[in-house]
Amino acid sequence: QAARLQMLKSQINPHFLFNTLNMIASTAQIEDAKATEKMITALSRLFRYNLKSGASVMPLDRELKVVQDYMYLQQMRFEDKISCDIQIPEQVLSCEIPCLSIQPLAENAIVHGLEPKKGKGHLIIQIIEGDDNQLEICIIDDGIGFEVIPDIQSIASSEKDSHTHIGMKNLDKRLKLLYGPDSGIRITSIPNKCTTVSFHIPRKEFTHDI
């Protein structure tokens, strides 16, 4: 199971690319290009997290930093078109969460929901503490939404923008391997009003060595 989890979560992010980004960030610093330096540094942290996270789970505060870096890059790209609100209780930041589980869903919301929308869009990343010792992770957007809710496991790699779809399919498989068949991704959508992509995991303090 560990080997299969690693296969599902791994992506090709060569070390040379990470090192090159660091070099470009240093050059931007020398040239006093502060915005460029900040964007490259954020992207480098994303690569570093993916390259060094051999474990299947990480503390939520680490995962959140990756999401914040990703959203910063997207907001720099789209300027004021996309806003983001992160609603995560401080007391759950030490809990464990599957590596790279929030970012793919945020990316999917932007690419398929908010980017095609006319005008400004809003994204909410929310974690709700349940009475049943569960955490509900929700990614909510007010983009174009779905007329028909997609069957995640029927997604084919040949589909348009397949990297975002495959990221969601990959995460769905990882969640079910880690927590059982009822822990997959759930989607609800009212077209052009509100779309929520969510999953739930047991609330558990992160106790592993990083």
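How many helices and strands does the secondary structure of the chain come to? In this predicted model, the chain comprises six helices and seven strands. Along the sequence, these elements are arranged in the pattern α-α-α-β-α-β-β-α-β-β-α-β-β.

The chain has 210 residues, of which 44% are buried. When contacts between residues at least 6 apart in sequence are considered, 72% of them join residues at least 24 apart.

The buried residues are Gln 103, Pro 104, Leu 105, Ala 106, Glu 107, Asn 108, Ala 109, Ile 110, Val 111, His 112, Gly 113 and Leu 114.

The packing of α5 against helix α4 was considered next. Helix α4 covers residues 60-78, and its axis comes within 10 Å of that of α5. The two axes cross at roughly 20°, so α4 is roughly parallel to α5. This classification follows because angles under 35 degrees count as roughly parallel. The contact involves Glu 63, Val 67, Tyr 70, Met 71, Gln 74 and Phe 78 on the side of α4, together with Gln 103, Ala 106, Glu 107 and Ile 110 on the side of α5. The crossing in which α4 passes α5 is right-handed.

Gln 103 lies in helix α5 and has a relative accessible area of 13%. Because buried denotes a relative accessible area under 20%, Gln 103 is classed as buried. Apart from neighbours within four places in sequence, Gln 103 is in contact with Glu 63, Val 67 and Tyr 70. Glu 63, Val 67 and Tyr 70 are also among the residues through which α4 makes its contact with α5.

A search of the whole structure returned zero disulfides. With a relative accessibility of 25%, Cys 84 is partly exposed, whereas Cys 99, at 0%, is buried. The two residues are classed in this way because the category of buried applies under 20% relative accessible area, and partly exposed covers the range between that value and 50%.

Conventions: Residues numbered from 1 in each chain as written. Predicted model: local features only at pLDDT ≥ 70, side-chain atom pairs only at ≥ 80, totals over all residues. Heavy atoms only, no water. Buried < 20%, exposed > 50% of the residue type's maximum accessible area, 1.4 Å probe, protein only. Helix = DSSP H or I, 4+ residues; strand = E, 2+ residues; numbered from the N terminus. Contact = heavy atoms within 4.5 Å. Disulfide = S-S within 2.5 Å. Axes fitted to C-alpha atoms, helices over the stretch in contact; angles between N-to-C directions. Parallel < 35°, antiparallel > 145°, perpendicular 65-115°, else oblique. Left-handed = near helix turned anticlockwise from the far one by under 90°.
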